[in-house]
Amino acid sequence: MNIRVFENDRQAAQAAACMIAAQILSKPAAVIGLATGGTPVPAYQELVRLTNAGVLDWSRVTTFNLDEYLGLPGDHDQSFKYFMMKHLFNKVNIAPESIHIPDGMAADPTEACMSYERAIREQGGIDLQLLGIGRNGHIGFNEPADAFSPITHVVDLTEDTIEANARFFASSADVPRQALSMGVGTIMQARSIVMLVTGTEKARAVRSMICEPVSPSCPASVLQLHANVTILLDSPAATAMNHCR
Ligand code: F6R
């Protein structure tokens, strides 16, 4: 694990944007895995700025998002599709057919998961996957469990995640209880992984991910086994790391 600690969240997000930009510049037809949530928003702003400055061309880029709520249509303002259109895709020159987000309205969600896996394979796999981390150590919507999930699947969200995401909805009762998510195995097959983590409320999860033995009780800990992973932290998110072992 390559771990970098920045003074503040803006600098950490800038570093994440630079790593994505570098991937696209070195391989214009790159396949990029993307995340939603509050953390990556400033990184997406920076990518839009670089695009407007003429540095980045998205015309040959393909993207795969980590996850989507089950039961929310893409035009619902809390769907991850809506989030991605608003923060990135509507602002860069990516081809609509190159955008992939699990279909939260699929009549057969299990088949939708299988076809998502196939689509990733057909594109030759993911070059760079951007991740965040949940307070409980989740990556994508892979919640703490007894075993790592191998592929894209339907997940039941934990109460902790529902409560954490309620800030985006009118109330926690409105947060969907299920989602479609890439599996831990899907994520681990990405050729490189960049995780962006900011804020003290993530410090304990960061500590478990980095300092404790690999275990599905902290899904992010599996990243210790990836050959090319960079963890970008602001200093509040790094505060518990000095208690490592
Ligand atoms: C989002 C995702 C989640 C988030 C995590 C952190 O696509 O897969 O794992 O990265 O829940 O969310 P924020 O950034 O809102 O704290």
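**Exercise 1. Find which atoms of Gly-38, Thr-36 and Arg-167 lie 2.8 Å from an oxygen atom of the ligand.**

Solution. Start with Gly-38, where a backbone N or O atom lies 2.8 Å from an oxygen atom of the ligand, a polar contact being a pair of N or O atoms within 3.5 Å. Next, in Thr-36, a polar side-chain atom lies 2.8 Å from a ligand oxygen atom, and in Arg-167 an N or O atom of the side chain is 2.8 Å from an oxygen atom of the ligand. The protein covers 93% of the 410 Å² of accessible area that the ligand has on its own, with areas taken by the Shrake-Rupley method with a 1.4 Å probe.

This is a predicted model, in which local features need pLDDT of at least 70 and side-chain atom pairs count only at pLDDT 80 or more, while totals for chains, interfaces and linings use all residues. Residues are numbered from 1 along each chain as its sequence is written, and side-chain values use heavy atoms, with hydrogens and water left out.

**Exercise 2. Describe the residues that surround the ligand.**

Solution. First, 14 residues surround the ligand, and the closest are Thr-39, Asp-67, His-138, Gly-140 and Lys-202; a residue is near a molecule if one of its heavy atoms lies within 4 Å of it. Then sort this shell by kind, which gives three nonpolar, eight polar and three charged residues, with Gly counted among the polar ones.

**Exercise 3. State the extent of the C-alpha trace.**

Solution. Along its principal axes, the C-alpha trace of the protein spans about 45 × 40 × 35 Å.

Notes: A polar contact is a pair of N or O atoms within 3.5 Å; within protein, one must be able to donate a hydrogen and the other to accept it, and residues adjacent in sequence count only if both atoms are side-chain atoms.
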